[in-house]
Amino acid sequence: MRQHRRFTGKAALLLVALLALTATACGSKEEKKAAAPGEQKEQVVLNMYMANTSDTTYMPEVNRRFEEENPGIRIELQTAPVDQFETVIKTKLASGDAPDIFTIFAGTKKDSLVKAGYLMDLSDQPWVARLTDTARETASKDGKVYGLPNRQNLIGVIYNKKIFNDLGIAVPTNWDEFLAASRKIKDSGVVPLGLGLKDQFVTQMIPYAMAPSAIYRDNPDFDKNMYAGTQQFTGSAWEQMMQDYMALNEKGFFNSDVLGTSNDQAMQMFASEKVAMTVTLHGRIAAIKEANPNLELGMFPLPYTKAGESVWVSSMPSLFGGVYAKTKHPEEAKKYMEFLTRPEIAQFYLSSVNSFPAFTDVTVDLDPALKEMEEALKVGSYYFLDAVWPNTVQLVMQQQIQSVFAGRPIPDMLKAMDKAFQDGASMQ
């Protein structure tokens, strides 16, 4: 009995010690569990879905810098070709599977997203006060700002200066000179103009570059009259514009098989000096130079005018994107947008794509190729046309231009555009 009591006493002491140790361990775990959230906050992931434009070339580096400064936020970037992007983003928005930040386009294109309640009102953000007037206007609807403008885009003629110099060609200042230069280039064995109409968005570049001089310089109310129903594409300067567009093809001034050529292939031909000129966005200069750093490039406005007339430029402030109104991370998304507006960040990406700023306090050392365009902008400019038209028109125009190159009559194209405009205007 005595031994049993002694054993029981030892066991009791051991049990007390074990219980104390267990309690201490449990207490430690509970304390750590309670402290963990304070010690390591769960990382926020911002999903971005962007159209594959020149913006996407600088995004990885911008996102790296943002994440380095904000380790609690990670950016997940996905991109899509421009031709597919609008369809996919509308599907995502309608299904409730929307990204936190996504590409939106300036002018009337964003209005349907505003009307549906998909875009966050960013009017109270501090960077809004620093926008240029035109940038703020293109980002606004009913006096409220719904997107972040990040640069100003231009459409013009990028050209190979060496080819021009070797052939003794001066920069053309009117349409006759442009045609003469194209003929001289073609006779030398070089393709005058690169064009990749396999990508629908490329179809609009030449008409957009023509229209400011052909229409809006002398008739600034053209679009207003279209909305009023007193003006149509049929019977307007669009008929001559399309005839002259097609004439460039008939004269052999484009590369062969434009409908089977992608924009990337056209840019590759230019970079390899098989093509002397291309009518496109000025942001393509950076990509061309990356493909061939030895090229000496220039850029001039498409001179779709008679001798002695002023040439206007197709120009448009570009929106980087907007914030989904129902994002689960509104503060983080706004923080990211604010980061993009910092002068040093803006200067980085503007230099990357050779773009003009959308902010009054940002200056950029532009590529020498853009100096001519800088001066041309002072003469006069007009918006990219899809920014002021109903959003029903652009896709119809692109498809119809492809059809015209395949043999469809121009009047049929313009009738289709008239109907698309009327249908879209009636829904606004």
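In this predicted model, ring pairs join a set of aromatic side chains into a cluster. Across the model, the count of aromatic pairs comes to 24.

Two ring pairs illustrate how such contacts are arranged. A pair of aromatic rings is described by the distance of the centres and the angle of the planes. For tyrosine 49 and phenylalanine 85, the ring centres lie 5.1 Å apart and the planes meet at 25°. Stacked rings have planes under 30 degrees apart, so the pair of tyrosine 49 and phenylalanine 85 is stacked. Distant parts of the chain are linked by this pair. Tyrosine 49 sits in strand β1 (residues 44-51), and phenylalanine 85 in helix α3 (residues 82-95). The two residues are 36 residues apart. Both tyrosine 49 and phenylalanine 85 are buried.

The second pair is formed by tryptophan 175 and tyrosine 304. Their ring centres are 4.9 Å apart, with the planes at 85°. Planes over 60 degrees apart count as edge-to-face, so that is the class of the pair of tryptophan 175 and tyrosine 304. Here too, distant parts of the chain are linked. Tryptophan 175 belongs to helix α7 (residues 175-187). Tyrosine 304 lies in the loop between β9 and β10 (313-323). The separation is 129 residues. Tryptophan 175 is buried, and tyrosine 304 is buried as well.

Helix α11 spans residues 263-271. Its buried residues are Asn263, Ala266, Met267, Phe270 and Ala271. Viewed down the axis of α11, these residues fall within an arc of 140°, and therefore line one face of the helix. An α-helix has 3.6 residues a turn, so residues three or four places apart point the same way. The cover over the buried residues of α11 includes strands β6 (148-160), β8 (275-281) and β9 (297-300), together with helix α12 (284-291). Just after α11, glutamate 273 adopts a positive phi of about 65°.

Helix α11 also contributes to a cavity. The count of cavities of 30 Å³ or more comes to one. The largest cavity has a volume of about 40 Å³. Its lining consists of Gly194, Leu195, Gly196, Val202, Met205, Asn263, Ala266, Met267, Thr278, Val279 and Thr280. The elements giving two or more residues to this lining are α11 and β8. By class, the lining residues comprise six nonpolar, five polar and no charged.

Technical notes
Residues numbered from 1 in each chain as written. Predicted model: local features only at pLDDT ≥ 70, side-chain atom pairs only at ≥ 80, totals over all residues. Heavy atoms only, no water. Buried < 20%, exposed > 50% of the residue type's maximum accessible area, 1.4 Å probe, protein only. Helix = DSSP H or I, 4+ residues; strand = E, 2+ residues; numbered from the N terminus. Arc of directions from axis to C-beta. Contact = heavy atoms within 4.5 Å. 1 Å grid on protein atoms, 1.4 Å probe; cavity = no way out; pocket = protein on both sides within 12 Å on 5 of 7 lines; lining within 4 Å. Points joined across faces, edges and corners; volume = space filled by probe spheres on them. Nonpolar A, V, L, I, M, F, W, Y, C, P; charged D, E, K, R; others polar. Phe/Tyr/Trp six-rings, centres within 6.5 Å; stacked < 30°, edge-to-face > 60°.
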